Amino acid sequence: DAQMFGIRLGKTFKNSPWKPTVTLWYDTLTGQDDDDSAGGDWGQFDTMYDTGHKFYGFQDFYLHRAGAGTGYYGLQDYAIKTKMSPRAGWTFKADYHHFRTQTDIDGGDANTVIASDGTLSAAMDPDMGAELDLTLVHKYDSNTKIVAGYSHYMTSTTFAQLNGTGTQGSANNDDSDWTYVQVHT
C-alpha cells in the first residue's frame with residue numbers, strides 16, 4: 001500500500017550564450033504511519049533497483065531500497081537543478097535538494113510508530129536536511145569525459161536520530177562533504 005509521485009518542470013534558454021537549463025523538481029515516496037501499522041500494511045514505497053544518487057543527491061543517503069534512510073517514514077525531495085555550458089566541451093551543473101519525511105512525524109500521523117521504537121523522540125521535525133551538488137564535466141574528446149564534483153549535505157537532528165548518528169534529544173548532526181574526480185572512456 002505505497003505510492004511514488006514525481007513532477008518535473010524545466011526550461012532551457014537556447015538563445016542565451018551558456019544555454020542554461022533550470023528544472024524544478026518534486027518527488028514524494030510514501031512512508032509508514034500509524035494507519036498503515038494498525039491496518040497491517042507496509043506504507044513505505046520500495047524503490048526496488050534504486051539509482052537514488054541520480055535522483056536524490058550524490059551522497060546517496062536515500063539509496064536503501066526499503067526506505068531505512070528516512071526511518072521508513074517516506075521521502076519528499078524538493079529540488080532545483082541547473083545546468084549550463086560556459087564554453088564548448090564544458091558543462092557545469094548545480095543541484096539543490098531539500099529533503100523531508102513524507103509521513104508527518106511532528107504531529108499525530110506517526111506517534112504510535114515512533115513511540116514503539118523507543119529510541120526516538122515522540123514528535124520530530126520532518127526536516128531531513130538539504131544537499132548541494134556541484135558538477136563540472138569536460139568532454140575531452142569523442143571517447144573521453146572528465147567529471148569532477150563536490151557535494152555538501154546540511155543535515156538535521158531528525159536525520160541524525162533516524163540514521164543512528166544521534167540519540168533521542170541529540171544534536172549530533174554534523175554536515176557531510178564529498179568530492180570526486182572520474183574519467184569516462
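This is a predicted model: local features need pLDDT of at least 70, side-chain atom pairs count only at pLDDT 80 or more; totals for chains, interfaces and linings use all residues.
Strand β3 (residues 75-84) runs antiparallel to strand β4 (residues 90-100), and 9 bridges join them. One place to look is Met 84, whose bridge partner in β4 is Phe 92. On to the next pair: β4 and β5 also run antiparallel, joined by 11 bridges. Here Arg 100 has Asp 127 of β5 as its bridge partner. Then β5 and β6 pair in the antiparallel sense over 11 bridges, and Glu 131 finds its bridge partner in Tyr 153 of β6. These two strands, β5 and β6, form a hairpin with 2 residues between them.

## The whole chain

Besides its 7 strands, the protein has 4 helices. The protein has 185 residues, of which 38% count as buried. Among contacts between residues at least 6 apart in sequence, 60% join residues at least 24 apart.

## The largest pocket

What is the volume of the largest pocket? The value comes to about 500 Å³. Its lining has 19 residues, and those closest to the pocket centre are Phe 58, Lys 93, Asp 95, Thr 135 and Val 137. Several elements take part: β2 (21-29), α2 (52-55), β3, β4, β5 (127-141), β6 (144-154) and β7 each supply at least two residues of the lining. The most comes from β7, with 4 residues.

Asp 36 sits in helix α1 (residues 34-38). With a relative accessible area of 10%, under the 20% cut-off, Asp 36 is buried. Apart from neighbours within four places in sequence, Asp 36 is in contact with Asp 1, Gly 31, Asp 41 and Gly 43.

Next comes Lys 81, which has its place in strand β3. Is Lys 81 buried or exposed? Its relative accessibility is 12%, so Lys 81 counts as buried. Setting aside neighbours within four places in sequence, Lys 81 has contacts that include Thr 21, Val 22, Thr 23 and Trp 25, as well as Lys 54 and Phe 55. Ala 94, Asp 95 and His 97 are also among the contacts of Lys 81. Asp 95 is also one of the residues closest to the centre of the largest pocket. Lys 93 lies 12 residues from Lys 81 along the chain, and their C-alpha atoms are separated by 7.5 Å.

Met 124 belongs to the loop between α3 (111-117) and β5. At 4% relative accessibility, Met 124 counts as buried. Which residues does Met 124 touch, not counting those up to four places away in sequence? They are Ile 105, Asp 106, Ile 114, Thr 158, Gln 161 and Leu 162. Of these, Gln 161 is 37 residues from Met 124 along the chain, with 9.4 Å between the two C-alpha atoms.

## Two residues with positive phi

Most residues other than glycine have a negative phi. Lys 19 has a positive phi although it is not a glycine, and so does Tyr 72. The loop between β1 and β2 holds Lys 19, while Tyr 72 is found in the loop between α2 and β3. Both can be set side by side.

| Residue | Phi | Relative accessibility |
|---|---|---|
| Lys 19 | about 50° | 47%, partly exposed |
| Tyr 72 | about 70° | 31%, partly exposed |

Notes. Residues are numbered from 1 along each chain as its sequence is written. Side-chain values use heavy atoms; hydrogens and water are left out. Two strands pair if DSSP finds at least two bridges between them. On a 1 Å grid over the protein atoms alone, a cavity is a set of points where a 1.4 Å probe fits but cannot get out, and a pocket is an open set with protein on both sides within 12 Å along at least five of seven lines; lining residues have an atom within 4 Å of a point. Grid points are joined across faces, edges and corners, and a volume is the space filled by probe spheres set on the points. Buried means under 20% relative accessible area, exposed over 50%, partly exposed in between (1.4 Å probe, protein chains only). Contact means heavy atoms within 4.5 Å.
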